[in-house]
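These are my notebook entries on a structure that I had not examined before. I record below what I looked up, entry by entry.

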Amino acid sequence: MRLLKADQLFRKVIDGGSRKQSRLLGLDVGSKYVGLAVSDDKNRIALPLSVLSRTKTNISLMADDFVTLVSKYSLAGFVVGYPFNLQGQSSPNALQVRLLVGELCKTGKLDDMSYTYWDENFTSKCVEALLHPLKLHDPVETKTMTDKFAAVCILQRYLDNMNRELRSADNSGKQVSVAEIAATTYTSKRS
């Protein structure tokens, strides 16, 4: 797996050159579960997919599941939720995200895939607030739904950001590269 900047991954998806449109997989990485969401075929909407159980011994099985998803959904890459703190730096929880990505890389099963990190701040809290009125009684069901829909939030934020910036560039009539868009977006978030 190869780490790309957010704009590079999006460019890879929209300029894929294949007959079938490439899609993206969003990941919300937790200590016990990895929530998954997939983009629609136009890369505008994030849809809930599933949750994978995460243990120290099942990384090879998880990689196999990802290989199956890559084929089934014509995935071009992964948008991995990354816990930045409010100053835009890695938070202590970022270690488990980097460990999972590193373990997946070591399997060698996803060498052709690319990924990027995207800010996951408050995604789980937003989902918990939305699920609270449902009064779910099973804690495992609540946790897995939270992780799955947090992945939707992560991927949707990424898609909204990339598509908004491309539309903005198209509307201005100015030729703007995705790299310029991402640099502007990144700079404005840090200010």
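**Entry 1: Helix α3**

I looked up the buried residues of α3 and found A94, V97, L100, V101 and L104; buried means under 20% relative accessible area, exposed over 50% and partly exposed in between, with a 1.4 Å probe and protein chains only. These residues lie on the same side of α3, because they cover an arc of only 130° around the axis, the arc being that of the directions from the helix axis to the C-beta atoms. I noted that the buried residues of α3 pack against β2 (23-29), β3 (33-39), α2 (59-73), β5 (75-82) and β6, where contact means heavy atoms within 4.5 Å.

After α3 comes G108, with a positive phi near 75°.

**Entry 2: Basis of the model**

I noted that the model is predicted, that local features need pLDDT of at least 70 and side-chain atom pairs pLDDT 80 or more, and that totals for chains, interfaces and linings use all residues. Residues are numbered from 1 along each chain as its sequence is written, and side-chain values use heavy atoms, with hydrogens and water left out.

**Entry 3: The chain and its sheet**

I found six helices and six strands in the protein chain; helices (H or I, at least four residues) and strands (E, at least two) are DSSP runs numbered from the N terminus. Their order from the N terminus is β-α-β-β-β-α-β-α-β-α-α-α. Of the 191 residues, 43% count as buried.

The six strands form an open sheet of mixed pairing, in the order β1-β6-β5-β2-β3-β4. Its edge strands, β1 (2-3) and β4 (46-53), each pair on one side only; two strands pair if DSSP finds at least two bridges between them. I saw that β5 and β6 run parallel and are joined by six bridges, and that G81 has W118 in β6 as its bridge partner.

**Entry 4: Residue S114**

I then turned to S114, which is found in strand β6 (residues 114-119). Is S114 buried or exposed? S114 counts as buried because its relative accessibility is 4%. Its side chain makes a polar contact with the side chain of K12 at 2.9 Å; such a contact is a pair of N or O atoms within 3.5 Å, and within protein one must be able to donate a hydrogen and the other to accept it, while residues adjacent in sequence count only if both atoms are side-chain atoms. Leaving aside neighbours within four places in sequence, I listed the contacts of S114 as R2, L4, L9, K12, A76, G77 and F78.
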